[in-house]
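Q: Please take a close look at one part of this model. Start with the overall setting, then go through that part in detail.

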Amino acid sequence: MTLIQHPDDATVFAPGLPRTFDTHRAPWALPDGKKLAVSVLLHAPSYQDVPPAGSFKPITMQGGVGRDTSEPKHGQLARLSQWDFGLTVGIWRLLGIAEKAGVPVAVALDSFGVRTMPGLADLVAERAQEIVVRGSAANIVIDEAMTAEQEREYITEARSSVEAATGRTATGWFSPERANSLRTPELLRGAGFDWFGDWPVDERPVALDGAATGLTAVPFGLETEDMFSLYTRSLAFPDYERLLDETIEQLVADADIVGARFLGLSWFGWVLGQACFADVAERTLQKLAAHPDVILVTPGQVAAL
């Protein structure tokens, strides 16, 4: 049921998003009466040190030494190499942890990474249960100032590069820095995507309508994302593990009242893939795999439920 009607001249932050709320919609149900569906999305972004002329770049970027969150400049090796660590070590450590726990994962790759990192696409394709397209590069984003044709080309080029390099069909999208324009959902659907993970808008998948009909918003929360909590929020590391544990138990409890819940875990190779943090990923995935009320699925599988 649509509860909020916007005037015609209102700015809609999320075009095609039906405004519905738990108390006014049918409960979401999962197979075998499970209460919580969990998807793990591992990010393997590559940082393009010298972006092509005319590229749109983010205003801020996390990572590196100190509290500087401006976009790293050419030659700032301490900041740039931390992103590279995610590709050289971090993503493989997280994949190993997921395999040991028996947890299926999706891995998000961008077109610059699959073109320039030897073996990245092939090795990820061998181990990930789902491949997700993550734009052009970590620091080349979608921007409202793009023309429709520029944005369409950005999406199409990223998808074709990742699919060609991995040999896998990708039905899911995650934007660098979660940057969208108002037309992004429509263009993603036009490019053939079934779901995208940019909007932390709900605790269950949301099927869009209007021009983006056929596209599902699979919500990956910010508070449970490692980069956001540990770098943007500066959450103490022991608190991050407690946040994950309490989120899982609260969502399971809520399911008895409002229907099944979804938790999307968005983790970066350069963050939770570090040796000092990886034990949290290991314990969390082991708990999820053993939880009787949890079903572990890829984002694409959730979107199809």
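**A helix pair and its surroundings**

A: Of the contacts in the protein with a separation of 6 or more, 70% are accounted for by residues 24 or more positions apart (contact means heavy atoms within 4.5 Å). This is a predicted model: local features need pLDDT of at least 70, side-chain atom pairs count only at pLDDT 80 or more, and totals for chains, interfaces and linings use all residues. Residues are numbered from 1 along each chain as its sequence is written, and side-chain values use heavy atoms, with hydrogens and water left out.

The protein has nine helices and nine strands (DSSP runs numbered from the N terminus: helices H or I of at least four residues, strands E of at least two). It has 305 residues, and 52% of them are buried (under 20% relative accessible area; exposed is over 50%, partly exposed in between, with a 1.4 Å probe and protein chains only).

Now the close look: α7 against α8. Helix α7 spans 237–258. Helix α8 covers residues 278–290. Their axes come within 11 Å and cross at roughly 15° (lines fitted to C-alpha atoms over the stretch in contact; angles run from 0 to 180 degrees between N-to-C directions). That makes α7 roughly parallel to α8 (under 35 degrees; over 145 is roughly antiparallel, 65 to 115 roughly perpendicular, the rest oblique). The crossing is right-handed (the near helix is turned clockwise from the far one by less than a right angle).

Which residues meet? From α7 come F237, Y240, E241, L244, D245 and I248. From α8 come D279, V280, R283, T284, K287 and L288. By type, this contact has six nonpolar residues, one polar and five charged (Ala, Val, Leu, Ile, Met, Phe, Trp, Tyr, Cys and Pro are nonpolar, Asp, Glu, Lys and Arg charged, the others, Gly among them, polar).

Phi of S234 is positive, near 60°, and S234 is not a glycine. Most residues other than glycine have a negative phi. At 39% relative accessibility, S234 counts as partly exposed.

E177 also has a positive phi, about 60°, without being a glycine. E177 sits in the loop between β4 (172–173) and α5 (184–190). It is partly exposed, at 32% relative accessibility.

Last, helix α3 (residues 120–127). Its buried residues are L120, A121, V124 and A125. Seen down the axis, they fall within an arc of 120°, so they line one face of α3 (the arc is that of the directions from the helix axis to the C-beta atoms).
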